[in-house]
Amino acid sequence: MADFYDTIARYYDAENEDVVDDLALFSAVAEDTDGLILDVGCGIGRVMFHLATEGRTIHGLDRSAEMLARARRKQAQRPDLRERCTLLQADILIDALPGAKYGLIIITYNTFMQMYGDGQQRSLLKKLAAVLDEGGTIVIDIPNAGEAYAAQDDSSVTLERTFTEPESGNLVMQQSVSRIERTEQLQYISWIYDEIDSSGLVHRTVAPMILRYTFPAEMDLLLESVGLRRVDRYGDYDGNPFEGECPRMIVLAQKSR
């Protein structure tokens with residue numbers, strides 16, 4: 001997955017830098033927690049820097065060197081954030097975490113889905129539970145699997161969005177083609193970026209990835225298996241209840257008592 005994000009880092013930055021839908025929710029959760037925050041899969045630092053501007057101290061962890069390079073450039077332009085944010089390149093499933101306890105651990109926007117191999121999601125939760133402070137909270141933000149399973153697969157190429165990539169000034173058309181293997185709970189997706197330069201030449205980048213869907217009862221069992229318990233669950237970033245047709249499954253978990 002690090003290779004995937006190294007490949008698309010420039011496009012990801014242009015697409016997502018101004019995404020703000022989830023920020024208020026993470027701010028609200030952070031208000032109710034104390035101590036250090038760990039941002040798992042921090043990427044370009046979008047959520048991390050937002051929380052740091054509110055006075056939080058954060059460790060941002062990511063496998064992708066290119067994504068972290070972009071985060072470091074943003075941090076360098078903000079002297080007020082330099083001491084509040086520590087960026088770390090590591091594979092959380094393999095590498096040791098910093099010797100710290102965290103009052104809040106956030107796994108933002110589909111990062112949890114990227115743990116798709118046998119037992120990877122449980123391994124991740126077990127490792128995070130070990131560094132979660134007593135009374136601390138883990139937040140996991142993923143899509144509602146029920147909604148995805150209800151959609152019809154047609155294997156067609158879908159135009160997701162168009163945007164201007166600021167470094168080149170080129171127009172980029174982002175497309176995708178995907179299929180869901182429902183018995184495996186896996187989505188196989190290829191992102192296609194067609195960048196059109198000033199002469200009209202199209203430069204295509206294709207980046208495949210695999211994501212794993214997790215259902216509500218399954219998530220509860222995963223949490224329980226590592227000594228955590230769900231304390232809340234939302235269906236969107238406004239904090240509405242999780243129900244059948246909601247777009248997201250946002251789970252808040254703490255250590256079992």
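Which residue stands opposite R248 in β11? I looked it up, and P143 is the one facing R248 there.

**Ground rules.** I am reading a predicted model, where local features need pLDDT of at least 70, side-chain atom pairs count only at pLDDT 80 or more, and totals for chains, interfaces and linings use all residues. Residues are numbered from 1 along each chain as its sequence is written, and side-chain values use heavy atoms, with hydrogens and water left out.

**The sheet.** I followed 7 strands through an open, mixed sheet in the order β3-β2-β1-β4-β5-β11-β10. My labels are DSSP runs numbered from the N terminus: helices are H or I with at least four residues, strands E with at least two. Strands pair if DSSP finds at least two bridges between them. β3 (85-89) and β10 (228-234) each have a single partner strand, so one side of each lacks a neighbour in the sheet. From one strand to the next, the twist averages 20°. I then checked β5 (residues 132-143) and β11 (residues 248-255), which pair in the antiparallel sense over 6 bridges.

**The helices.** I turned to α2 (residues 23-31) and α3 (residues 46-53), whose axes come within 10 Å and cross at roughly 50°. Axes are lines fitted to C-alpha atoms, for helices over the stretch in contact, and angles run from 0 to 180 degrees between N-to-C directions. The contact (heavy atoms within 4.5 Å) uses L23, F26, S27 and A30 of α2, with R46, V47, H50 and L51 of α3.
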